[in-house]
Amino acid sequence: MSSPTPTTTCLPASGTNVNKAHLPENALVLAPTRQLQSLLTIIRDEKTQRTSDRIIRLLVEEGLNHLPVVPKKVITPVGQEYEGVSFQGRICGVSIMRAGEAMEAGLRDCCRSVRIGKILIQRDEETFQPKLFYAKLPDDISQRFVLLLDPMLATGGSCLKAIEVLIDHGVQEEKILFLNLIASPEGIKNVCTRFPKLRLITAWVDEGLDSNSYIVPGLGDFGDR
Amino acid sequence: MARHQHDPDHLHPRPQLQSWISAPGSKNEVMVSHGRAPWYGPDGKNIEAYVVGIAGGSASGKTSVARAILSALNYIPTVLILSQDSFYNAHTDEEIELAFNNDLDLDHPDAIDSSLFAKCLMDLKQGKATEIPTYSFVHHQRMPEKKYIYGASVIIVEGIMALQSPELRDLYDLKVFVNCDSDLMLARRIKRDVQERGRDVDGILDQYLRFVKSSYDNFVQPSSRYADIIVPGSSNQLAIELLVTHVKRQLDTRSLRFRKMLAQMGDDEAEVQSSKGEEHSDKQVVLLEQTNQLLGLMTILRDRTTSRGDFIFYADRLSTIVVEKALTLIPCQPKTVKTPLGVDYKGTGGDDQLVGVSILRSGGPFSHGLRRVIRDIPIGGMLIQSDPKTGEPLLLKSDLPHSIKSTETSGEVKVLLLDSQMGTGAAAMMAIRVLLDHGVLESNIIFLTYLIAKQAIHSVLRAFPSIHIVTAAIDPGLDEMHIPYNRSTLVLGESAGEADFAVRLIDGDLTTGGLEGEREKVDDQREGVQSEKELGADRFKVPIKREMEELKFSRARERRGDDGAFGEKRAWVISPGMGHIGDRYYM
């Protein structure tokens, strides 16, 4: 019951999320449960205004599973010993504005007083090149695990830029967990091959990108909604 | 005429009853004195309620016999009086007109919907919830609203035609006929109708001669031959005493002591299972994946030094994870939506027949987690506490969502049953039994919990093999403990799931006597930030063995009769467990 060794294995492959067929090893996709599919159906529906807290919470829980733990013995109120584990390593969140901010509440649901940094990157509408506008990160971020939050991964341009910013601030690549709601296969490939030690966790892999570099079928502009 | 049977003396319940569930002024009463002990065997099957049928002429004294039985049975938690009045047929417009002219014969057996009567009584006898019709003597018509009735161990059916229908007679365990002299009945009737209903004697006599008398001679009186006992309608003290003695003896043979049986049976089963090496491989039990995070969460929750704030936060977080896992067991329908990009997405849609029911108090933390996941889910509650003397669960109150209460929808409903832990499974079984009694399908019940003792899985699944259980952890141990309590501060029952965890009571020093005071001290220590470590350290070092020794000591002292204010209660403790979750979450 207690196996304190950290697991970094991929979740069981699914039969239904066909697009996730060949992904880099450091890209993890949530188990395509019926509930997850229903949730995605809700948030994809153009009529939906509802938040996507539940999926985000699932992503955060899965992301947190990749943090290291150490064995710890405690005494239960019954007076019995229990061999458990204790969380090791401090974490912080970094959201890519503005869409990533929508994931902060879900993160705080799981990690109460977690520090959250912010990065503003916008895509230049002419060149499609991402541009860093603003970054406010915790001072000791270099000693922390970073949960990078961005709900949509299309080409991965802005995400790559954000990861560069983190690494410039001294964060180790293997300490970055990128949490993402819906990804395109292209985006995953771009991010995971460029940063092979980082771990990417997504809820769903979609078909691909349209000519405007939007994810299809996707769910539109996450931040706007 | 139609009101002639509406005896006002039905309206006064026994004063010693603490509470009773019913609309006041109704002839059908469910009376609850102190919670309902298990009405089913360890196999989860209902034991039939004891049904007494009382017939007799109008004003013969049926009601006083019924009430005498009732007051003699005041130790029975739930006694129901079911009156024939509710089951008058629905009338056509012409019949209603007759009724308003006092020309409708309600004293004929055909005036009663005996098949509906028998169906409702059958449901109740089998322990199921039922909905009985309401009949209005003002409108002379059956009303559209129905009355929900659930949970009676003893049912008393009374009415002039109670012994008339063979369908009904088959359902009675005891058939009583109240035999009274016709003159006496008429005299009582005239007195009552004149004094209480402002009728004139001519009218009463007219009605009596036209309907009541012939009905009595042709139907009521002859039905006395079906009776087991014929009780006189006046000066019947002795007859009632004999009757009551008989009923009591019948009920005693049915009483149940089975919580202990459950734990033992579970033990045997567990041994058999583990020797075969197929420990809880049962696919009805879904154990959360034991990831690092989950183990870390469980470590925090199990640690007795965890502060209350942390405990609440992590309990909420864990319940959210358990709820998410449980929801993956529920099937979804295919659904296609258009995304904002104008592309069709073939997805799935949720199921809206989902309700939550939490076993109070310890299921409380879970309903918070459930609301986090599904904001608008209807959540009902059942208050199940354990009897401090026997450790058996008692159902004190059930407050269920409408979709469960209505027999039309309960077959479709999917229920998430919430309790923080399952020790012997006794409270869980009671809660499941309540749901089944309402017509919820066994396969539509998912039990959600943080922690479950291995034994409980076997007891619960043996009785209810089709339910699902979703749990964050399965613990190996379940020990019986005798926990002393202070009678003067005893509030009835710890919650039954949690009687298993009343161990905090023994944290204190038993020789000081004031257990309640000790508990407060413990609380202070927990909340006092800087003193917690130092004070706590010594206390927590006390090995469980010594605590048990102290318990024995306290019991010995009790036997010597030194301190009459102390009793002991039995509880089942999961080990290593996580303590008294309700207390840790709320207190």
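**Exercise 1.** Which residues in α5(B) meet which residues in α6(B)?

*Solution.* This is a predicted model, in which local features need pLDDT of at least 70, side-chain atom pairs count only at pLDDT 80 or more, and totals for chains, interfaces and linings use all residues. Residues are numbered from 1 along each chain as its sequence is written, while chains are lettered from A and ligands numbered from 1 in the order in which they are written.

Step 1. Helices (H or I, at least four residues) and strands (E, at least two) are DSSP runs, numbered from the N terminus. Two residues are in contact if their C-beta atoms, placed from the backbone, lie within 7 Å.

Step 2. On the α5(B) side stand B:Leu186, B:Arg189, B:Ile190, B:Asp193 and B:Val194; they meet B:Val201, B:Ile204 and B:Tyr208 in α6(B).

Step 3. By class, the contact of α5(B) with α6(B) has 6 nonpolar, no polar and 2 charged residues. Ala, Val, Leu, Ile, Met, Phe, Trp, Tyr, Cys and Pro count as nonpolar, Asp, Glu, Lys and Arg as charged, and the others, Gly among them, as polar.

**Exercise 2.** State at what angle the axes of α9(B) and α10(B) cross, and name the class of that angle.

*Solution.* Step 1. Axes are lines fitted to C-alpha atoms, for helices over the stretch in contact, and angles run from 0 to 180 degrees between N-to-C directions.

Step 2. The axes of α9 (residues 292-302) and α10 (residues 308-327) of chain B cross at roughly 140° and come within 9 Å.

Step 3. Angles under 35 degrees count as roughly parallel, over 145 as roughly antiparallel, 65 to 115 as roughly perpendicular and the rest as oblique. Therefore α9(B) and α10(B) are oblique to each other.

Step 4. From α9(B), B:Leu297, B:Ile300 and B:Leu301 make the contact, with residues of α10(B) including B:Phe311 and B:Tyr314.

**Exercise 3.** Describe the cover and the partners of strand β13(B).

*Solution.* Step 1. A residue is buried if 20 or more other C-beta atoms lie within 10 Å of its own, exposed if 12 or fewer, and partly exposed in between, with C-beta atoms placed from the backbone. In β13(B) (residues 354-360), 6 of the 7 residues are buried.

Step 2. Two strands pair if DSSP finds at least two bridges between them. β13(B) is joined by 5 bridges to β16(B) (residues 414-418), and the two run parallel; B:Ser358 stands opposite B:Leu418.

Step 3. To β14(B) (residues 379-386), β13(B) is joined by 5 bridges, again in parallel. Here B:Leu360 stands opposite B:Leu383.
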